[in-house]
Amino acid sequence: MIQITIPTPDFTIYKQKSPELSHVYGFTDFILIPRDKAGIFMFYNDKDELLFVGKARKLRPRIKKHFEDTVSVMKEKREEVSKIEVCLVEDPVHREIYETYIINEYKAKYNVDKVLYK
């Protein structure tokens, strides 16, 4: 049996109730997420339920894209996201394994690809 240990998040940003600074759906701390680092990210709601898991070679632009583009699976659920956790993972094979494992182990609500638990 293979044992997978999910990395501890390197960064966690939270939605602010009434942000005073410029924001994207209540998130003002995107600057904390490295622009040029690779890893996995997890979106949670205010009940700490896992909504979506993704991976990226460049984290900050990819995460922001989920809040800005019109084709993201999260486009109609953006308001539901209250917390974003980010784990830095440089190896592309490891990112793929972590993403698939987390989606299935924690039953990410809005992931449709890589779902094995149906």
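Phe 41 is buried, as is Phe 43, where buried denotes under 20% relative accessible area, exposed over 50% and partly exposed the range in between (1.4 Å probe, protein chains only). The model is predicted, so that local features need pLDDT of at least 70 and side-chain atom pairs count only at pLDDT 80 or more, while totals for chains, interfaces and linings use all residues. Residues are numbered from 1 along each chain as its sequence is written, and side-chain values use heavy atoms, with hydrogens and water left out.

Aromatic contacts were examined next. A pair of aromatic rings is described by the distance of the centres and the angle of the planes. Rings of Phe, Tyr and Trp (its six-membered ring) pair if their centres lie within 6.5 Å; planes under 30 degrees apart count as stacked, over 60 as edge-to-face and the rest as tilted. Across the whole structure, eight aromatic pairs are found. One of them is the tilted pair of Phe 27 and Phe 30, with 6.1 Å centre to centre and 55° between the planes. Phe 27 is buried at 1% relative accessibility, and Phe 30 is buried with a relative accessible area of 6%. Phe 41 and Phe 43 likewise form a tilted pair, at 5.4 Å centre to centre and 40° between the planes. These residues belong to one aromatic cluster made up of Tyr 25, Phe 27, Phe 30, Phe 41, Phe 43, Phe 52 and Phe 67.

Side chains of opposite charge can pair when their charged atoms come close. With a salt bridge defined as a side-chain nitrogen of Lys or Arg within 4 Å of a carboxyl oxygen of Asp or Glu, the whole structure contains nine salt bridges. Lys 55 pairs with Glu 96, the closest N and O atoms being 3.3 Å apart. Lys 55 is partly exposed at 27% relative accessible area, and Glu 96 is partly exposed at 31%, whereas Glu 99 is buried at 7%. Lys 55, Glu 96, Glu 99 and Lys 114 are linked in a network of salt bridges. A further salt bridge connects Lys 83 and Glu 85, at 3.4 Å between the closest N and O atoms, and both residues are buried.

The largest pocket is lined by 17 residues, with Phe 52, Arg 62, His 66, Glu 99 and Asp 113 nearest its centre. Strand β3 gives the most to this lining, with three residues, and β3, α1 (59-68) and α2 each supply at least two.

For the domain "GIY-YIG", UniProt lists residues 36-112 in an unreviewed entry. The end C-alpha atoms of residues 36-112 lie 27 Å apart, and the span is 31% helix and 25% strand. UniProt positions are given in the numbering used here, feature names are shortened, and annotations may be inferred rather than shown by experiment.

Notes
1 Å grid on protein atoms, 1.4 Å probe; cavity = no way out; pocket = protein on both sides within 12 Å on 5 of 7 lines; lining within 4 Å. Helix = DSSP H or I, 4+ residues; strand = E, 2+ residues; numbered from the N terminus.
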